[in-house]
Amino acid sequence: MQNAPSPSPSPTTTPLSSPTSSLSLTQTINGSHHFTIKGYSLSKGIGIGKHIASDNFSVGGYQWAIYFYPDGKNPEDNSTYVSVFIALASEGTDVRALFELTLVDQSGKGKHKVHSHFDRSLESGPYTLKYRGSMWGYKRFFRRAMLETSDFLKDDCLKINCTVGVVVSAIDCSRLHSIQVPESDIGDHFGMLLENEESSDITFNVAGEKFHAHKLVLAARSPVFETEFLDAMEEDNHEIVVTDMEPKVFKALLHFIYKDTLIEDGECSASSSSCVPSVSDTLEAKLLAAAEKYVLPRLRLMCESVLCKVISVNSVAHTLALADRHCAMDLKSVCLKFAAENLVGMSFQFVLFILSFLFHFYCRLGFT
């Protein structure tokens, strides 16, 4: 009697591991630059193939520049056209990008002359720049005779806007599964601490108005407060009289120390359009002085940022003097650049002030 064949063993089943995923994301990193050319008529005759260059500007990790050719780039056109190009001004290999060049209509009608890669299908994809100095643009950007009688030229000035979109690709897993983290609310918590007088251990008397605060918070934020509290005897510093600051300025100072933001002031300030105080009377100007006194570099930069946005021909001299007085170097640089660009619109007295300031500034540096 034959033995029945033993059943074949069932195959071992390996459980499937959890699937993984990834996302290849290709997009553009965009940036813009505004290039103003003053004295257009004086640039004519520079020579075919010779250009006026903008400052370098950064987009997508690369430096770029706008080249304007008043007599054209192409010898064959015999200066009939002006040429405009965007150049890769830093090292790079096979940099892929989209471009847009806009000649601004200065009549206010909005009829700009636009050449753009954006918002249209690209048969061959983005333009590729092979190496530093590679350019994209137009040899025949605009017929010169037409340009000189058009609304694009005003007061012998041309304005060109340029947008660059650098193409980048990356593996992005975060967009598949993400958890939103809310903005930090530590400033709100410290703000409530400022409002809670029961836990305070220091009082400031500013023109008769009392402000309660916390030594540890002040010392952590300002080295001046830290030194002041460490050097003073415990029984001597429960109340400090402040004689060189207005109550509203000191309140704004404490607001920054606790919340790391500028206070929303309903009264006149540099950013207010309801009134036009002198620069030195604005809250930001007075806070700039407080930032210098208590060594608060972030507050100083915040005030400089607000003040630089409202510089005008009438205020630049006063703003420059303010920046110099409080060592606001970034604001000073903006003022000097603004003054250089707008000397034509300034009064003779302001021009003399700027020149006098520069003379004394270089004397302080040791130049004669």
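These legends describe close-up views of a predicted model.

**View 1. The largest pocket of the predicted model.** This pocket holds about 350 Å³ of space. Its lining includes His33, His34, Phe35, Thr36 and Lys38. Ser54, Asp55, Lys337, Glu341 and Asn342 also line the largest pocket. Strand 1 (24-38) and helix 10 (329-341) each supply at least two of the lining residues. Strand 1 makes the largest contribution, with 5 residues. By class, the lining has 1 nonpolar, 5 polar and 4 charged residues.

**View 2. The second largest pocket.** About 270 Å³ of space lies here. Gly191, Leu194, Glu195 and Glu197 are among the lining residues. Helix 3 (186-195), strand 12 (209-213) and helix 6 (247-259) each give at least two residues to the lining. Helix 6 gives the most, with 4 residues. The lining of the second largest pocket divides into 4 nonpolar, 3 polar and 5 charged residues.

**View 3. The salt bridge between Glu148 and Lys44.** The structure holds 13 salt bridges. In the one between Glu148 and Lys44, the closest N and O atoms are 3.2 Å apart. Glu148 sits in the loop between helix 2 (144-147) and strand 10 (157-171), and Lys44 in the loop between helix 1 (40-43) and strand 2 (52-53), so the pair ties together parts that are 104 residues apart in sequence. Glu148 is partly exposed, at 29% relative accessible area. Lys44 is also partly exposed, at 34%.

**View 4. The salt bridge between Arg144 and Asp71.** The two side chains meet at 2.6 Å, N to O. Arg144 belongs to helix 2, while Asp71 lies in the loop between strand 4 (62-69) and strand 5 (81-88); the pair therefore ties together parts that are 73 residues apart in sequence. Both Arg144 and Asp71 are buried.

**View 5. The salt bridge between Lys109 and Asp151.** Here the N to O distance is 4.0 Å. Lys109 lies in the loop between strand 6 (95-103) and strand 7 (113-116), and Asp151 in the loop between helix 2 and strand 10, so the pair ties together parts that are 42 residues apart in sequence. Lys109 is exposed, with a relative accessible area of 59%. Asp151 is partly exposed, at 39%.

**View 6. A network of salt bridges.**

Definitions and conventions: Residues are numbered from 1 along each chain as its sequence is written. This is a predicted model: local features need pLDDT of at least 70, side-chain atom pairs count only at pLDDT 80 or more; totals for chains, interfaces and linings use all residues. Side-chain values use heavy atoms; hydrogens and water are left out. On a 1 Å grid over the protein atoms alone, a cavity is a set of points where a 1.4 Å probe fits but cannot get out, and a pocket is an open set with protein on both sides within 12 Å along at least five of seven lines; lining residues have an atom within 4 Å of a point. Grid points are joined across faces, edges and corners, and a volume is the space filled by probe spheres set on the points. Ala, Val, Leu, Ile, Met, Phe, Trp, Tyr, Cys and Pro count as nonpolar, Asp, Glu, Lys and Arg as charged, and the others, Gly among them, as polar. Buried means under 20% relative accessible area, exposed over 50%, partly exposed in between (1.4 Å probe, protein chains only).
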